[in-house]
Amino acid sequence: MKTYRIRDEIVQYRFGEPLNTHSVVLDGKAIEKRELDYFQFKAADSNFQLQYKMDKEDIVWGLGENQRGMNKRGGIYVSYCMDDPHHTPDKKSLYGAHNFFVVDGTESFGIYIDFPGRVTFDVGFSHKDVLSIELVGKDADLYIIKGVNLAQIVRNFLMLIGKSYVPPKWAFGYQQSRWSYPDRKTVEEIAESFESYDMPCDAIYLDIDYMESYKNFTIDKEKFPNFQQFVENMKERGLRLIPIIDAGVKIDEGYKVYDEGIEKGYFCTDQNGKPFVGAVWPGRVHFPDFLNPEARKWFGEKYRELTDYGIEGFWNDMNEPAIFYTKRGLDHAIQQAKDSENTNLDIHSFFSLQEAFIGLSNHLKDYQSFYHDIEGKKVNHNQVHNLYGYYMTKAAAEGLEEINPNKRFLLFSRASSIGMHRYGGIWTGDNHSWWEHILLNLKMLPSLNMCGFLYIGADTGGFSGDTNAQMLIRWMQLSLFTPLFRNHSAMGTRQQEPFAFDEESVDIMRGLLQLRYKCIPYIYSEYMKAALKGDMYFAPLAFAYSDKISRRIEDQLLVGESLMIAPIYEENAVGRTVWLPEEMLLWYFESDEGEKYRILPQGFHYIEGNLDRPYIFIRKNKLFLMGNSGKNVEELNAEILHIIGFIPEQGSYFYYDDDGMSKDYLKGIHDELNIIIENKKDGYSIQVEKNGNPEVKEIQFEIVNGWGTLEKKTVQIF
Ligand code: MIG
């Protein structure tokens with residue numbers, strides 16, 4: 001074991017000779033250390049194990065995209081990127097592999113396992129107090145991260161892995177997707193509906209059917225005639241088109257991407273050195289070797305085929321990589337079927353036959369049977385499995401950077417591992433239209449932020465299965481604050497666009513979409529501050545409040561520095577119980593009738609929340625800001641800001657804005673307002689200091705004092 005000090009609070013432990021995953025951006029100085037802090041270490045021939053004895057009250061936060069609670073204690077989680085469309089609670093692996101968690105208790109520290117193969121985290125499942133981690137492999141970097149408190153531990157980790165990807169500002173608008181809008185005409189009708197229903201929207205997605213025979217970087221010209229003009233027309237209407245890109249490349253002579261890949265040797269190979277064959281949408285495909293920098297460069301530049309049409313965003317799918325079947329699996333299953341002919345299938349042989357077919361997809365044996373070329377060495381895929389989606393997205397990001405160096409593109413991926421957050425966001429894959437998945441979605445948000453992923457969101461309304469209007473409305477009330485707010489649904493399900501329901505529900509959904517746009521000044525300002533400072537955007541209450549109850553709250557979140565949200569996620573509920581860790585201001589957005597706001601003391605409260613009355617909680621001595629709604633993000637008029645505050649004493653807000661499209665923010669170019677407000681005997685004093693050139697000309701304040709009196713004030717900005 002070699003050890004290095006990265007920063008005062010971060011120590012790296014190196015075992016064997018690990019591959020550089022490039023997930024970490026800092027390096028350190030060699031130091032002498034004999035033992036691993038906190039963990040007991042056991043090495044065997046082909047793997048190693050770490051164990052930590054948890055105290056009774058210890059909480060374990062993190063592990064990114066995973067099932068179960070924000071507190072991961074009680075479960076087993078396996079980091080091995082999986083295309084599993086059934087997110088039932090027993091599943092141990094979803095699409096991401098996020099090997100970072102924080103133990104919060106008697107001892108508090110974070111640990112990051114920088115290792116691209118399979119890792120199992122048994123967090124008090126086999127034994128309630130034992131946290132054990134098993135790595136299949138012997139070469140790994142471990143990082144132990146300390147900090148004065150939870151938030152600081154996470155900040156230190158985020159510093160270690162580098163700053164988050166930042167999308168263009170329009171990507172904070174509402175986005176509409178479906179598998180699939182089959183042709184140009186349908187997409188145009190969807191656009192018309194958004195217009196005629198007066199619903200704001202920024203993007204419409206193109207799922208796999210826009211391609212010709214599911215071939216990446218091609219367009220089906222019959223279904224999508226005159227693509228360039230189509231992209232332009234849509235943009236004139238204020239809508240961007242976002243095509244999907246899959247990992248697999250169709251085997252098809254004469255198809256440029258296939259021909260070039262073969263010629264240059266850019267595909268993953270089998271044990272004989274021939275391109276490995278798997279099957280996905282187009283039937284048989286090869287998988288680009290994204291771990292080979294040249295292959296990455298080649299694939300990344302292919303995005304130009306679409307950016308040349310004016311496309312400004314992409315979603316990378318099937319990059320675990322998903323494999324429907326291989327010849328190996330199929331031969332085996334067919335043989336087994338033949339062998340079963342004329343036999344009396346009993347309990348064992350029947351299930352084994354069934355498994356041979358059901359288990360065809362994403363099979364370990366297939367992942368073990370292909371290879372990458374890493375610096376001239378043949379490396380088995382299974383050992384680096386978790387890097388595949390990350391490196392596909394890195395390929396795309398680097399390609400887009402080549403294509404237009406100072407432009408922000410929208411880019412997010414399904415598979416990911418730590419480090420990918422520097423290149424793009426993620427969506428949480430194929431959830432269901434189940435109430436349980438609203439809650440699961442909520443719990444993933446802060447866990448993902450801890451692992452670096454800021455541009456995140458779920459398929460709002462649920463991907464598989466049919467939603468009803470009520471579920472979609474409740475889900476939208478959560479997605480109101482997710483940086484990626486996209487409604488997406490699967491083939492064969494009910495239409496799920498916000499105008500596809502009864503009139504009353506449609507009105508409510510319109511209200512929510514408009515509300516989203518009004519919240520963009522806050523969402524964007526908080527997102528950018530988190531991205532630039534390396535901080536979280538969503539946090540569990542425990543990150544700001546240390547009382548016993550706050551530490552255990554699993555269905556409320558802090559959003560940025562000023563808000564707490566407590567969405568309703570149960571069918572037919574008209575309210576819910578909310579824990580207030582301190583006095584806060586309950587604020588209803590829509591309040592033609594009924595109260596608009598109320599100050600609530602620390603404690604549990606039953607909060608009424610009919611479908612048409614979304615609400616937030618504004619923290620004490622904090623400010624929340626809103627703008628006006630508009631057709632899309634670019635048409636938002638930022639001249640007037642509304643600020644709502646709960647200021648018994650004094651508070652301040654640092655408002656960040658920038659051009660929303662270039663990478664100049666990396667040079668520190670942005671606009672800001674520093675707002676300071678103080679509750680004095682004779683009313684509020686408000687100071688606004690401006691830097692750069694913010695568009696804001698006027699701020700309308702609505703400030704509630706400690707007695708519940710609301711004072712309005714307007715301040716002009718010169
Ligand atoms: O196996 O492209 O998660 O969002 O609509 C399904 C079709 C493949 C999976 C993605 C989903 C997308 C779908 N894809």
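Predicted model: local features only at pLDDT ≥ 70, side-chain atom pairs only at ≥ 80, totals over all residues.
Trainee: How many residues surround the ligand?

Mentor: There are 13, and the closest are Asp 207, Asp 317, Arg 414, Asp 430 and His 488.

Trainee: Now the helices. At what angle do H13 and H14 cross?

Mentor: Angles under 35 degrees count as roughly parallel. Here helix H13 (residues 469–479) and helix H14 (residues 503–533) cross at roughly 10 degrees, and their axes come within 10 Å. H13 is therefore roughly parallel to H14. H13 makes the contact through residues including Leu 472, Ile 473 and Met 476, and H14 through residues including Ile 508, Met 509 and Leu 512.

Trainee: How many residues of each class does that contact have?

Mentor: The contact of H13 with H14 has 8 nonpolar, 3 polar and 1 charged residues.

Trainee: What is the angle between H5 and H11?

Mentor: Helix H5 (residues 293–302) packs against helix H11 (residues 388–403) at about 60 degrees, with the axes 7 Å apart. That angle makes H5 oblique to H11. The crossing is right-handed. Among the residues in contact are Arg 296, Lys 297 and Phe 299 of H5, and Tyr 391, Met 392 and Lys 394 of H11. By class, this contact has 6 nonpolar, 2 polar and 6 charged residues.

How values were computed. Residues numbered from 1 in each chain as written. Heavy atoms only, no water. Axes fitted to C-alpha atoms, helices over the stretch in contact; angles between N-to-C directions. Helix = DSSP H or I, 4+ residues; strand = E, 2+ residues; numbered from the N terminus. Parallel < 35°, antiparallel > 145°, perpendicular 65-115°, else oblique. Left-handed = near helix turned anticlockwise from the far one by under 90°. Contact = heavy atoms within 4.5 Å. Nonpolar A, V, L, I, M, F, W, Y, C, P; charged D, E, K, R; others polar. Near = heavy atom within 4 Å.
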